[in-house]
Amino acid sequence: MSEQLKFIVEQLNREPFKKNFNLITFDSLEPMQLLQTLNDALAEIDPKQAIDIREEMPEQTAKRMFTLLGMLKYKPPGGMSEVSSFRQGLVIGSKPVVHPILHWLLQRIPELKKRAYLARFLVKLEVPAEFLQDDVIAETFHQYEELVGGFKNIHKECEQLKSSGFSTAEIRRDIVAMEEEKDQLIKRVERLKKRVEAVSNHQRMLELARQLRVEKEREESLAHQKQEQKNQLFQAEQRLQRCQIQLRDLQQAAADEKPESLMKRLEEDIKFNSYMVSEKLPRELENTRKVVKYLQKVASEPALGQAELRELEDKIRETNTEINHLIEKKMMRNDPMDDKLSLFRQQAAIIVRKKETKVEELQEAREELAAVERELNMKSSQAQERGGAKLIRGDEFKRYVAKMRGKSSTYKKKRQEIAELKVEYGVLQRTEEILRERHTAGQQQLESLEAQRGISGYSDTQEELERVSAIKSELDEMKGRTLDDMSEMVKKLNSVIAEKKSALSPLIKDLRALRQEHAELAPEFEQKKAQYDTCAAGLESNRSKLEQEVRMLREETAQEESRYHHINCMREITESQMERAADQSKINQSMDIQVRRTALREKYIANTAEQESLGKVLRQQVKQVRENQEPNMRQMKMWKDLETLLECKKQCYLKAQSQAPIGHIIQDVGKDMLVL
């Protein structure tokens, strides 16, 4: 079981999970967290399973996992007899059920991914027989089966093409494209030959074009050599700058720091370098060699067919089952000494992993520090070159003002000269235009003469040759100057390197003595460190156990305290109720009428009688309301009609007041008269 857990933790800590578990943290996971880890593994196989199990019901989660595991053909360890216990354990997140599932999934993730992908298309839909009686449904289902069969054939062909290692279609396309390009090139060459044959003296022109091409190629090679020399010069300058920075750092370290700090820094560097050389780099080199050896072996073997792949998969599956049986037999022995050794191995693995992470962090920090130091030195040198860090004060400021006044007068003179030059530039530009027009006319006349004599293009070829010869002479001069500069630079660099070596020789001697002292102190340090690591590992394991026990005891204490307070409250309530009951029994047994009236029984009887009388009064009022409901409703309707009539009269009166008076109305008994 421990080997199974180690394999699960190791696989979960790798890509694409990156869980950062160890055996202790993984074994202490809650059932919900364990089910979420299982769901993440299933989501890696089938992306549709990538959900949070806290957002769905446990029955839905269990049903979804059962369906996917059945599709992946997972068989429970106990067989068909323990299917119910397996389902119950998966629902509650039991470790004996979830751990074998994770172990089985993580062993064959690529195979299960392929199986899940194929299941999306190959798992047939179950259609009842009575539905297939319909012709449309039967025809659709027949088309569906044909599509499934076609998918199987296409997938087989795809796998065969992948295993073959090359694609004939791509080769055919490349051959066709190359043949087309060849035909196009042949046609272009024939057209160019026909055009050249029509020109007189074409052999000499072809020779000149060939020489021009050779010179251009030579020019390109010279430019390439020049660029390479510039790159070498730049790299030499960078090396010189790095050496200067290292020398400055060493001088500052020797001037500012004490021997103890230097010794401490050297010890740290030696420890880091010795770890890198003796442990980290050999391990990485060994892993790389194994990968290369495996890849060479795979590349040297011929392409395997589908039948051979199936045989290999069967052998791998049988070997895995044998390994699982051996692990189960080993766990059944349950040797306590092996458990202790596994705990110590786990602690040692944790320490090694922490050490590797710290070494990687230290290396990254050193690289970042070196980059920042280089940038800082560059910025400081730029600031010193530009003079931006100096402050001008006192007499220097006066001299600076006088200097600026002289520069301003010089600037005014130069500006006047620039204005005169601009005027002259306008005159020269006009002259250039006139000369260009004359040159164009002469060139046209020369071309017409060349055409008459049958030597058209002669002048252009002569100018091109002169230009090429001038460029060649300039390049030769530049090459000579560049070589001289490079030789002088090499001499300067050799002299500087010799000076630096002579300056570093005493420091190297001191470093040798310090190395010898470090070699004497290193075994003692390693011994002490090993003792410290073993003690720390034991203390850490004990601390984790004690913390777990303390957490459990605290939870039990909190539960007992809450239970204690609850019982006390219930006891106090019961006592108060018992006291009230005793008081009421004493009052009821008393012969004094005044005392008996204070009893709760008498009060409740009085309240009951009062409420009954009040209920009688209310029932009479309800009866009266029911009897007078219809007259009251009619009276209320009459009042509403009267209110509406009065409102209407009010509106009419206000409307009459707002209009202009035409006359006045005389009202009499039985008649109304309008007098204008």
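Predicted model: local features only at pLDDT ≥ 70, side-chain atom pairs only at ≥ 80, totals over all residues.
**The whole protein**

Begin with the entire chain in a cartoon view. The secondary structure comprises 18 helices and two strands. Of the 676 residues, 14% count as buried. Among the contacts with a separation of 6 or more, 59% join residues 24 or more positions apart. The protein exposes about 55,700 Å², and carbon and sulfur atoms supply 56% of that area.

**A buried residue: Leu-34**

Next, select Leu-34, which lies in helix α3 (residues 31–45). Is Leu-34 buried or exposed? Its relative accessible area is 1%, so Leu-34 is buried. Leaving aside residues up to four places away in sequence, Leu-34 touches Phe-26, Leu-29, Gly-93, Lys-95, Val-98 and His-99.

Now display the surface and select Lys-124, Lys-152, Lys-156 and Arg-310, which form a positive patch. Of these, Lys-156 belongs to helix α8 (residues 135–164). Lys-156 has 53% relative accessibility and therefore counts as exposed, the cut-off being over 50%.

Then select Val-291, Tyr-294, Leu-295 and Val-298. These residues make a nonpolar surface patch with about 410 Å² of accessible area together. Tyr-294 is found in helix α11 (residues 259–300), and at 56% relative accessibility Tyr-294 is exposed.

**Salt bridges along helices**

Return to the side chains. How many salt bridges are there? The count comes to 12.

Select Arg-317 and Asp-314, whose side chains meet in a salt bridge at 3.0 Å, N to O. About one helical turn separates Arg-317 and Asp-314, because they are three residues apart in helix α12 (residues 306–333). Arg-317 is partly exposed at 32% relative accessible area, and Asp-314 is partly exposed at 39%.

Move to Lys-358 and Glu-361, which form a salt bridge with their closest N and O atoms 3.9 Å apart. Both lie in helix α13 (residues 336–386), three residues apart, and so about one helical turn separates them. Lys-358 is exposed, at 54%, whereas Glu-361 is partly exposed, at 45%.

Finally, select Asp-533 and Lys-529 in helix α15 (residues 458–589), where a spacing of four residues separates them by about one helical turn. Their closest N and O atoms are 3.3 Å apart in a salt bridge. Asp-533 is partly exposed at 23% relative accessibility, and Lys-529 is partly exposed at 31%.

Conventions:
Residues numbered from 1 in each chain as written. Heavy atoms only, no water. Patch = residues over 30% accessible without salt bridge, like charges linked within 9 Å, V, L, I, M, F, W, Y side chains within 5 Å. Areas by Shrake-Rupley, 256 points an atom, 1.4 Å probe, with all protein chains shown as cover. Salt bridge = Lys/Arg side-chain N within 4 Å of Asp/Glu carboxyl O. Lys, Arg positive; Asp, Glu negative; His and termini not counted. Charge placed at Lys NZ, Arg CZ, Asp CG, Glu CD. Buried < 20%, exposed > 50% of the residue type's maximum accessible area, 1.4 Å probe, protein only. Contact = heavy atoms within 4.5 Å.
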